[in-house]
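Below is what I looked up, in the order I looked it up.

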Amino acid sequence: YVRRREMKGTEKRTKATMADVAGRAGVSIATVSRVVNQTAPVSEETSARVWGAVRDLGYEINHVAKSLRVGTTHTIAVIVGDLGNPFYSDFIKGIELGAQRARLSVMVCTAPTDEEAAQRQVQMLLSKRVDGVIMWGWCLQQPLVERLLSAGISFLGIELVPESPTGARKLSIDFRNGMADVLAHLVSLGHRNIGYAWDQRDRPESAESRFWCFREAMREYGLALPEDSIGIATGGQRPEIGQSAMLDLLRRAPDLTAVVCHNDLLALGALRAAKQHSLRVPEEMSVIGVDDIFTANYADPPLTTLALPRVEAGSMAIQWLLQEGADRLPPPQIIPRLVVRRSTGPARADLATAQPARG
């Protein structure tokens with residue numbers, strides 16, 4: 001709520017936060033972000049409750065920009081892995097929408113290729129006096145992130161290890177439930193021999209990471225994930241890397257009937273590798289991606305994928321980066337959604353078994 005009292009002829013007001021609005025409306029912080037930033041559909045009843053709380057509390061949607069440092073340049077930098085991946089273009093679009101509402105400019109950077117380039121990038125961000133940095137994945141190593149924080153630059157990361165630098169903010173992605181949905185779908189189709197394809201430069205050690213959550217979901221279903229069922233290639237998130245990882249899997253684990261790929265670009269390459277081996281998808285091999293980039297629906301066959309709401313995530317990221325008092329609040333969570341298309345189907349009859357119970 002908003003408290004008011006007279007002090008020597010002036011009015012002093014405690015500003016309402018997004019968390020206050022969420023509490024008053026009885027919804028999550030993420031839902032408040034969806035309503036006020038109009039990044040995703042929300043029921044009329046819920047939207048009315050949120051806007052009622054905004055009105056009652058006097059919440060200023062653009063007041064987040066006021067939390068920036070004195071001497072601000074009103075510029076936010078975004079660092080992503082590869083601008084060639086259409087996933088990031090949607091994420092940046094969401095950031096730009098949020099930045100426009102907060103009257104901020106956005107600087108887009110790609111992940112540096114080596115340590116020297118990383119040092120130069122951080123120095124550039126310091127010299128440009130950016131007010132904040134949003135980073136998806138480990139584009140910069142932790143000491144460089146700490147250098148930005150020590151200079152008073154706000155920082156928010158997505159898909160980082162839990163031991164993020166002190167003072168860093170983050171958005172959480174519910175890959176645990178997302179990967180559980182992926183496994184439930186495959187298991188219901190009779191799949192038991194399931195592999196995973198990824199680029200070994202990704203960091204799987206986080207309990208929130210895609211690979212870790214996939215492995216945990218396999219374990220909960222009592223399914224084995226031997227080393228031969230993990231296809232690894234090196235070179236970035238590109239279709240040819242997914243193709244290489246899939247070929248590696250087919251050579252070492254010929255009994256696989258389904259493969260989950262770290263993202264959709266790798267999955268597109270996996271589809272091509274399956275064709276190289278004369279494997280029909282999905283009759284003889286099911287393939288699932290993650291992200292739901294726009295090309296996923298135009299693959300041959302259209303790709304089943306774990307969709308991430310990229311535009312919403314971008315808008316939420318900039319809101320949370322600048323939200324006053326966010327350090328004392330739990331981070332909003334991005335909720336993936338399984339989109340079933342034609343790249344998944346029943347397992348081959350000779351390899352399908354009764355559905356195991358989830359532990």
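These entries go from the whole chain to single residues.

**Ground rules.** I am working with a predicted model, where local features need pLDDT of at least 70, side-chain atom pairs count only at pLDDT 80 or more, and totals for chains, interfaces and linings use all residues. Residues are numbered from 1 along each chain as its sequence is written, and side-chain values use heavy atoms, with hydrogens and water left out.

**Confidence.** I checked pLDDT, the predictor's confidence in each residue, from 0 to 100. The mean for the protein is 85, and 85% of its residues reach 70 or more. Residues 1-13 have pLDDT below 50, and beyond near neighbours in sequence this stretch has 17 contacts in the model. Residues 63-67 are also below 50, with 13 contacts in the model beyond near neighbours in sequence. A contact here means heavy atoms within 4.5 Å.

**Whole chain.** I found 11 helices and 14 strands. Both are DSSP runs numbered from the N terminus: helices are H or I with at least four residues, strands are E with at least two. Of the 359 residues, 54% count as buried. Buried is under 20% relative accessible area, exposed is over 50%, and partly exposed is in between (1.4 Å probe, protein chains only). The protein exposes about 16200 Å², 49% of it from carbon and sulfur atoms; these areas come from the Shrake-Rupley method with a 1.4 Å probe, and for residues only the protein chains shown count as cover. Among contacts between residues at least 6 apart in sequence, 70% join residues at least 24 apart.

I needed the rules first. On a 1 Å grid over the protein atoms alone, a cavity is a set of points where a 1.4 Å probe fits but cannot get out, and a pocket is an open set with protein on both sides within 12 Å along at least five of seven lines; lining residues have an atom within 4 Å of a point. Grid points are joined across faces, edges and corners, and a volume is the space filled by probe spheres set on the points.

For the classes, Ala, Val, Leu, Ile, Met, Phe, Trp, Tyr, Cys and Pro are nonpolar, Asp, Glu, Lys and Arg are charged, and the others, Gly among them, are polar.

The second largest pocket holds about 240 Å³. Its lining has 5 nonpolar, no polar and 6 charged residues, including Arg34, Asp292, Leu308 and Pro336.

Is Ile173 buried or exposed? It counts as buried, because its relative accessibility is 6%. Its C-alpha is 7.9 Å from that of Ile158, 15 residues away along the chain. Leaving aside neighbours within four places in sequence, Ile173 contacts Trp136, Glu208 and Pro336, among others.

I followed that last contact. Pro336 is in the loop between β13 (333-334) and β14 (337-339) and is buried at 9%. With neighbours within four places set aside, its contacts include Ile173, Ala307 and Leu308. The C-alpha atoms of Pro336 and Asp291 are 8.4 Å apart, across 45 residues of chain.

**Strand β11.** Val290 lies in β11 (residues 286-291) and is buried, at 1%. Thr305, 15 residues away in sequence, is 5.0 Å from Val290, C-alpha to C-alpha. Asp291, also in β11, is buried at 3%.

Most residues other than glycine have a negative phi, and most peptide bonds are trans. Asp291 has a positive phi near 125°. Ser278 has one near 60°; this residue is in the loop between α10 and β11 and is exposed, at 59%. The bond from Val281 to Pro282 is cis, omega near 10°, with Pro282 in the loop between α10 (264-276) and β11. The bond from Asp300 to Pro301 is cis too, omega near 0°, and Pro301 is in the loop between β11 and β12 (304-307).
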